Structures are given as C-alpha cells and as structure tokens.
Amino acid sequence: HNSPPCFAWPLMSWEVLEVICASGCRNCERFNGVYERQHQPHNGRPWYLKKDGGQVLYYASVPQSWAINDELDDALVYVATQSVAQLPPPGFWDSCSTTARIQGLVLPSNCASLYEVTGATGCQGSERFNGIYKRQQEDHNGRPMYKKKNGTQVLYYAAELRKWALSDEVNDKMVWVSPRSTALLPPPGYWDAFSTKALVQELVVPRNTVRFLEVRDAFGSDRCGRFNGVYEKQELEHNGRPFYKKQGGPQVLYFASEIRSWAINDQLDDKLVYVAPRSKALLPPPGLWDAFSTKAQISEFLPAQPILADDCHLDFDGLLPHAPSLPNTVL
C-alpha cells in the first residue's frame, strides 16, 4: 500500500455501475441495483442493463440526457442534468421529484490509499472526524480500512449494515454512514445519517487524467447558467493547483488559496461565485458545490474509455481492475 495514488479521482469501473437511493415515484426502488455495460452502444454512448432486472441506464438523444428507465427510449423516469458526457456522470440525478445516485462500482487498488473527510457536522465534537485517512495494511469485512492521521477515528465497511461508516473505533456506534452501497471502496461524495453529514473524497496527486470537467445545474444567482459547460485544464497552475477554463467562455475553475477552497468564477481571484467545501484536495472534488444559496454539480467529463496512469500497478481484464487482496469478491 505504499504506491502513490495514480488516478486523479477514485477509479470508476465504467463496466459496472451502481444505482442507489432511488426515490420519488411509485415502486422506484426497482431502479436500485448493479448495472452492467452492454456490448453494443445506444445513441452513440454505452448503455447498461440491470442485473436480475430489466431496467436500463442509457443516453437519450432527445433531450440529450442520461436516463434510467424500464426500457430504452421509454418515457424518462430519471434523467441527469442535460449532459453530453460520453459516460454517465456520477452523482445525484434528478428530474422534478425523482432522484437517484449513480456511482461506479469499483474494486480496491493502491489508487485509493488516502481519503479526506471535510465538513463534518451534526453532532457534538463532529469536527474530530475531519482530516486525512490512510489505508491500513489489514482489511476489515472484506474491504479496505482507513485510519485518521494524527487521530483514532476510522473509516471502514460495516458488513452488518452493508454500509460504509465513520466512527471513533471499528464496530462502534455509527456516526456517519454512506447511502446503502455494496461498493468495494468508500463511495466519494456526501455521507449522511439523519442529522449528521460529511464530505468524503479521495485525496490524490494531480495527473493528466482529469483534463476535462463538466459543470452542470448551476443555480442561485443572476445568470448563473453561464457557469454550466465543459472546462479544460490549462498548462499553467494557479495557487499550486491545476486550473480549468470553460470552453467557449471566460469562466474559470480554480483553487482559491485565501479561503482554501475551490471556486468557479468569471475570472481568477475575483469575488467567489461557487466554492466547494473547504478542502486541501489537489484536484477539484467531484459532487455538489455550494456557497450559501449558490450551487453547482461538478463531475469529470470523461472520454469514451477511462484513462489509465502508466504507473498504476493493476492488472486489467477488460476495464475491471483485478484485486488480489479480495480473492472471493463477487460483483
């Protein structure tokens, strides 16, 4: 576990996706589950069929959205924000009153050796959970386990609940749990349990693997739709981090050192419009960014196939990483 992180964000297996927390319609839990990529594309994009079910996840050419449905090109049940990404954008998808969370189902690797917890709130002394967590040599419940640097808190998989948890010790009373997930690595994003919340994300070394980002669902201020679009990584860094410029526009996405936050703005170091939760991450954290009344969704704008870093010591069978530390794992 001493190899440096080699993927910019947590390695998403785009062969296998997981849908969780589907809500807002009659019997919508039928959409929860694991979806496998099919051989033939649909509307110029990959599409996915649910295991042990007939539901599908696919790209709808009209109205240029990703959708989850009972069959291809039927009336949309869940749609992502209008996105032309080549692969399904991870995170929360919503359409009016219906919502669901989409994430890659991943296998553990040396690429997920450090996680950062920020924005812990909702209970007495909750800030003790903020910090950097390092992967331990010993697994727990068939999953990697992480311990906080300069602290006793742990991030681990609670098998009896089928959830990832943050706690003061292993198998203690759960403080934060992620949405129900069978992912083999901690799912990045907001974890919550009733009134307690925290943002969990992989802490990584910047690489060229995150060349494009997509900003979507920007709202909360005048003309905030101008921030939506695809942002490309620039050659020069800013404040010791990569920064990104919107294609076809002047807007920028960068790290603001004075407040230790990532920001989206009309120009560098101007009045901040959107900021991520305070984070020392070396790349923009994926997910929902918010600053009071302004919000936006940030996700990697992916090519048709994932990009593998040269020094990532993984064996690939197709696009799925092989994890020798979990010999009997079944997706």
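These notes go through the predicted model point by point, from the whole chain to single residue pairs.

1. Basis. The model is predicted: local features need pLDDT of at least 70, side-chain atom pairs count only at pLDDT 80 or more, and totals for chains, interfaces and linings use all residues. Residues are numbered from 1 along each chain as its sequence is written, and side-chain values use heavy atoms, with hydrogens and water left out.

2. Secondary structure. The protein chain has 26 strands and zero helices. Both are DSSP runs numbered from the N terminus: a helix is H or I with at least four residues, a strand is E with at least two.

3. Burial and surface. Of the 331 residues in the protein chain, 51% are buried. Buried means under 20% relative accessible area, exposed means over 50%, and partly exposed lies in between (1.4 Å probe, protein chains only). The accessible surface of the chain is about 15,200 Å², and carbon and sulfur atoms hold 50% of that. Areas come from the Shrake-Rupley method with a 1.4 Å probe; for residues, only the protein chains shown count as cover.

4. Contacts. Among contacts in the protein chain with a separation of 6 or more, 47% are between residues 24 or more positions apart. A contact means heavy atoms within 4.5 Å.

5. Two strands count as paired if DSSP finds at least two bridges between them. Strand β13 (residues 163-167) and β14 are joined by two bridges in the antiparallel sense; Ala165 has Val177 in β14 as its bridge partner. Strands of a sheet pair through backbone hydrogen bonds, either parallel or antiparallel.

6. Strand β24. Six of the seven residues of β24 (residues 294-300) are buried, so this strand is largely enclosed by the rest of the structure. Strand β17 runs antiparallel to β24, with five bridges between them, and Leu213 stands opposite Glu300 of β24. Strand β23 (residues 287-291) is likewise antiparallel to β24 and joined to β24 by five bridges. Here Ala291 has Thr294 in β24 as its bridge partner.

7. Salt bridges. The whole structure contains four salt bridges, a salt bridge being a side-chain nitrogen of Lys or Arg within 4 Å of a carboxyl oxygen of Asp or Glu.

8. Arg30 and Asp70. Arg30 is in the loop between β1 (16-23) and β2 (33-37), and Asp70 is in the loop between β5 (65-69) and β6 (78-79), so the pair ties together parts 40 residues apart in sequence. Arg30 is partly exposed at 22% relative accessible area, and Asp70 is partly exposed at 30%.

9. Glu232 and Arg211. These side chains form a salt bridge at 3.0 Å, N to O. Glu232 belongs to strand β18 (residues 229-238) and Arg211 to the loop between β16 (196-202) and β17 (212-219), so parts that are 21 residues apart in sequence are tied together. Glu232 is partly exposed, at 22% relative accessible area; Arg211 is partly exposed, at 45%.

10. Asp266 and Arg226. Their side chains meet in a salt bridge of 2.9 Å, N to O. Because Asp266 lies in the loop between β21 (261-265) and β22 (274-275) and Arg226 in the loop between β17 and β18, the pair ties together parts 40 residues apart in sequence. Asp266 is partly exposed, with 26% relative accessibility.
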